[in-house]
Amino acid sequence: MTSLRFVERLRDLVDGVEVILSDIWGVVHNGLEAFPEACEALHTYRQRGGIVILITNAPRPADSVQRQLRKLGVADETYDAIVSSGDLTRHFVADHPGKKIFWVGPERDSSIHRGLDAVLGPLEQADYIICTGLFDDETESAEDYRAILLQARERKLPLVCANPDIVVERGDRLIYCAGAIAELYRELGGEVVFYGKPHRPIYERAMVLAAERRGRPTSLDRVLAIGDSVRTDLTGALGFGIDCLFVTRGIHSEEFEGIEQLDPASVKELFGHPPRALMRELRW
């Protein structure tokens with residue numbers, strides 16, 4: 001294993017790359033504001049003939065994600081399409097009509113049920129749980145849900161996790177996501193169904209959309225993933241068989257502060273299997 005250096009520009013990595021699968025939160029924005037240079041980089045890549053599919057663990061449909069991106073100042077021209085874990089979770093709900101759902105998550109995620117005739121009910125009557133996040137991610141952690149999860153485990157309820165992220169940036173803070181609750185439930189012996197990165201279905205759907213935009217399939221050796229999470233972005237890309245550009249400004253920023261080059265031991269400790277390259281923040 002060799003040392004791993006930072007690169008400065010996306011343009012130095014995309015020769016021969018036909019499709020980019022880019023994370024959103026931590027790469028394109030931080031939950032409060034867009035990163036202009038990152039948006040410009042993806043837009044420029046598209047102008048030169050590349051396809052950009054945004055893949056996100058957001059527990060909302062793609063159109064809701066698009067509305068959020070617009071509010072944050074991310075132009076539609078930055079990307080070709082969006083695939084969200086919320087979309088895949090909605091497919092699960094549609095495939096289980098009439099089943100009662102106990103929903104764990106904030107009201108802002110209610111679009112995950114939109115148009116599905118979902119039957120919501122209390123935990124005691126539910127057939128399964130959908131977790132899109134914490135009820136109040138400003139003040140709560142997964143531990144606040146231990147009693148609920150123990151009760152769910154006794155009833156052997158499956159938990160569908162609509163966002164496998166453990167934490168995400170909000171401005172300069174890290175907040176807990178649905179993945180934190182799902183991992184605790186799994187530790188307690190509960191059954192968890194994950195939708196989103198690092199699991200294959202979200203990548204498979206992204207490649208279908210890329211093929212529709214290009215008019216033909218793309219070989220995986222011509223695909224580059226971009227992300228800021230070892231657990232979801234890097235692991236998902238490697239598992240799917242594609243290279244990954246790892247952006248260090250996101251949730252792992254403290255671990256990379258002041259580092260210009262990683263020696264082999266550090267690469268193994270931080271990543272296990274290394275990404276193709278490191279970049280502090282996405283720019284063209």
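This is a short tour of a predicted model, stop by stop.

Residue numbers start from 1 along each chain as its sequence is written. Local features need pLDDT of at least 70 and side-chain atom pairs count only at pLDDT 80 or more, while totals for chains, interfaces and linings use all residues; side-chain values use heavy atoms, with hydrogens and water left out.

**Stop 1: the domains**

Color residues 4-57 + 198-279 as domain 1 and 88-194 as domain 2. These bounds come from an automatic or database domain assignment. The two centres, taken over C-alpha atoms, are separated by 27 Å. Now show the contacts (heavy atoms within 4.5 Å). Domain 1 puts 13 residues in contact with 14 residues of domain 2.

**Stop 2: the largest pocket**

Turn to the largest pocket, with a volume of about 700 Å³. On a 1 Å grid over the protein atoms alone, a pocket is an open set of points with protein on both sides within 12 Å along at least five of seven lines, and lining residues have an atom within 4 Å of a point. A cavity, which comes up later, is a set of points where a 1.4 Å probe fits but cannot get out. Points are joined across faces, edges and corners, and a volume is the space filled by probe spheres set on them.

Select Trp25, Arg60, Asn163, Val168 and Cys177: of the 43 lining residues, these are the closest to the pocket centre. Both domain 1 and domain 2 give residues to the lining, so the pocket lies between them. Helix H2 (62-72), strand S9 (167-170), strand S10 (173-176) and helix H7 (230-240) each give two or more residues. Helices (H or I, at least four residues) and strands (E, at least two) are DSSP runs, numbered from the N terminus. H2 has the largest share, five residues. By class, the lining holds 16 nonpolar, 13 polar and 14 charged residues. Here Ala, Val, Leu, Ile, Met, Phe, Trp, Tyr, Cys and Pro count as nonpolar, Asp, Glu, Lys and Arg as charged, and the others, Gly among them, as polar.

**Stop 3: helix H5**

Select residues 178-187. Eight of the ten residues of H5 are buried, so this helix is largely enclosed by the rest of the structure. Buried means under 20% relative accessible area, exposed over 50%, partly exposed in between (1.4 Å probe, protein chains only). Glu183 and Tyr185 are among the buried residues. After H5, click on Gly189: its phi is positive, near 100°.

**Stop 4: the largest nonpolar core**

A nonpolar core is a set of buried Ala, Val, Leu, Ile, Met, Phe, Trp, Tyr and Cys residues joined through side-chain atoms within 4.5 Å. The largest has 35 residues, and Leu21, Ile53, Ile55 and Ile242 touch the most other members. Helix H6 (residues 200-214) gives the most, six residues. Domain 1 and domain 2 each supply at least three. Show the surroundings of Ile53: not counting residues up to four places away in sequence, its contacts include Leu21, Val83, Ala206 and Leu209.

**Stop 5: the cavity**

The whole structure has one cavity of 30 Å³ or more. About 40 Å³ of space lies in this largest cavity. Its lining includes Leu21, Ile55, Lys197, Tyr203 and Asp233. Strands S2 (19-22) and S12 (223-227) each give two or more residues to that lining.

**Stop 6: Cys244**

Finish in strand S13 (residues 243-247), where Cys244 is found. At 1% relative accessibility, Cys244 counts as buried.
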